[in-house]
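I opened a notebook page for this structure. Below is what I looked up, entry by entry.

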Amino acid sequence: MARVSVLLPLPLPEAFDYVVPPEMVLGLGDVVDVPLGQNVRTGVVWALKPDQDGSNLKPVLKAYGCPPLSGPLRQFIDFAARYLVTPPGQVLAMVLRQPDALGPGPFERLALASGVVPDRLNDARARVLEHAQQPIARAALAKVAGVGSAVVTGLLKAGALREIERPVDLPFDIPDPTRPARPLSDIQADAAHLIGKALASGGFQPFMLDGVTGSGKTEVYLEAVAKALVDQPDGQILVLLPEIALTQAIVARFEDRFGAAPAQWHSDIGPAQKRRTWREVAAGRARIVIGARSALFLPFAKLSLIIVDEEHDTSFKQEDGLRYHARDMAVARAKFEQATIILGSATPSLETRLNADAGRYQRLVLPSRFGLALLPEVDLIDLKAHPPERDHWLSPLLVQAMADTLARQEQVLLFLNRRGYAPVVLCRACGHRMKAPDTESWLVEHKYSNRLVCHLTGFSMRKPDACPNCGAKDGLVSVGPGVERIAAEAVETFPDARIAIFSSDTAHNPQAVRELVGRMEAGEIDILIGTQIVAKGHNFPKLTLVGVVDADLGLKGGDPRAGERTYQMLSQVAGRAGRADRPGRALIQTHYPDNEALQALVMGDREAFIEAESLGRAAVGAPPYGRMAALHIMAQTDDAVDAAAEAASAALFPAEGVEVWGPAPPPLAMIRGWRRRRFLIQASREVDLSAFMAAWRRGFKVPGSVRVAIDMDPHSFL
Ligand code: ADP
């Protein structure tokens, strides 16, 4: 009897063996149904076992018709599981996320003009036939032709329309790499040429594309994609973006260049579209996929090129469930696929830079903006020397610059990475701060919706009239600014200006984003006030002044990347100014004008910043010079969480080059009632930190009510 090991998409330690029924032929990577306990589960053939008496094993129940998961994908899953210290089934679960794409897809019945001319051809009938030159659903046909359903039925009876059956999930249009491209600048062409050479020779070839905002990185990507389409006719291309807000603009540029819309994969497409993308990707027919980080786990038949745009962006790190960094995992996947990978950014991460400096990645540089556009001039406003008026947040220097900009009929962007009106609400009488009931975080006041909101869990409540702690009436005051409060100040200072807020509250879906971006591009907004959502990607030709309301926000806290992140965020946001023919300016308000990251921005000297930041991190062995991990313990009571943390502590063993701090409550010591304790682990680069974490984790047990999570390379320290 033939046997197979089947990996199930569940957090189980290993794959289970099953016998293969005589009539079934299975290969590695085939997707099958198997019994598990009382249930039937879908899994993947992970190993073929020699024939043996398997009488005590249960049989495989069913094999699906979808293509098998490729060898490189299976190797990648095993690698990711080991690296992330998680059961391989948990990684597989990321791949098998579209169960309805595994079997034969749904069909739909459509009407199509047959060419037969009906006896009585009146206007209504003629309109229907005109709209039925392409297959179309009967109801939709009646609607576009503006007729009742009886007209359509009549034409079917008369034989002028026929019904056809067709799969709902159609292949994507085939991109055409031979369509005319814009001529590249010499430096863009050099970069594209080197990538093209790598694609032609094949094999794993990582590139860092280091290009300032507006230097034309996207043009280089398009050229690389065109090369990949031609050189590797069965190869597929994956473009990973950090924000779905950016996909529409990129999708449009790809469509423009290749005459076909790429397949998409992100949280904003519906289940039917996901099913289609998954199926077409697995079949190898979808040649180009643009998606968010989870697109990395799509079942590509053969990947030839991966592009990670804005590789430094922290949204590539998933912080719950499977805790992975999509950029790092993309490099690993490219290795198994023997593919070319491009990590592009205007503000590359120190990790990527170090890899390039060490010769592991080939570095391509686009040093200046395309055409005549210049990078903006950056100045700091020392808030100690030039403070805003009482209960105001904009320094007189910034207000003056705004007035000058508006007088020139140009646009202003004010940047503050804080949603809502005020980040904290407290009682003047007793000092009580309004907190979420089950989470250790302050409630943020939102004036427009008149609610206090927990940004972590979504909990919200009406703002009470009296303090819930001491009962004082009208004593609750709003402390500090959010974008709504800055907007109120802008309205007060510039009553004639057209002012809008751009945050996830006002731009909650891609359509709202498009609408706001459209108004800004059309010059219908004078002052845009935005959170980090405005910092990236957008191109507003009349925007010439960027004001950063509070540059110090990101500098606090125990995050080793705080300085780097501030630098990246502020240079991205400053990069919004002066994209076209008008020079731009950025004014940054701060209490710490001597800060290295801010000084580097003013000097436009990124290398100086990188050098200082590298030295600082190397000195303490922080990433990327050392490795980090976090071990989180969560439980519903303090006693339970402390007992589990104690058990974890007791299981720790000394290892050379490894330091462990904790357990300690992190800043967010409770989320949704879950009490949290954390260990932080730092190790030298020579240490196999995944192996250390796995051994430690095997050494202690916790009750089923306690959660333990390991985060390799943590990016959030809350
Ligand atoms: P990045 O991705 O580096 O921010 P983009 O590719 O978006 O830069 O280019 C910035 C602007 O310059 C865009 O408006 C783009 O259309 C234009 N641009 C870049 N390269 C070229 C080129 N070779 N020919 C024409 N326009 C270009």
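Which residues does L238 touch, not counting residues up to four places away in sequence? I found V289, A295, L296, F300, L303, L305, I306 and I307, with contact taken as heavy atoms within 4.5 Å.

I noted that the model is predicted, that local features need pLDDT of at least 70 and side-chain atom pairs pLDDT 80 or more, while totals for chains, interfaces and linings use all residues. Residues are numbered from 1 along each chain as its sequence is written, and side-chain values use heavy atoms, with hydrogens and water left out.

I then looked up the largest nonpolar core, which has 53 residues. A nonpolar core is a set of buried Ala, Val, Leu, Ile, Met, Phe, Trp, Tyr and Cys residues joined through side-chain atoms within 4.5 Å; buried means under 20% relative accessible area, exposed over 50%, partly exposed in between (1.4 Å probe, protein chains only). L92, L238 and F297 have the most contacts inside the core. The core lies between domain 1 (3–72 + 82–96) and domain 3 (186–366), because both give residues to it; the bounds come from an automatic or database domain assignment. I also listed a second, separate core of 32 residues, including L413 and V534.

Next I checked the backbone. Most residues other than glycine have a negative phi, and most peptide bonds are trans. D474 is not a glycine, yet has a positive phi of about 55 degrees; D474 is exposed, at a relative accessible area of 62%. V85, also not a glycine, has a positive phi of about 55 degrees. I recorded a cis peptide bond between P623 and P624, with omega about 0 degrees, and another from G662 to P663, with omega near 10 degrees.
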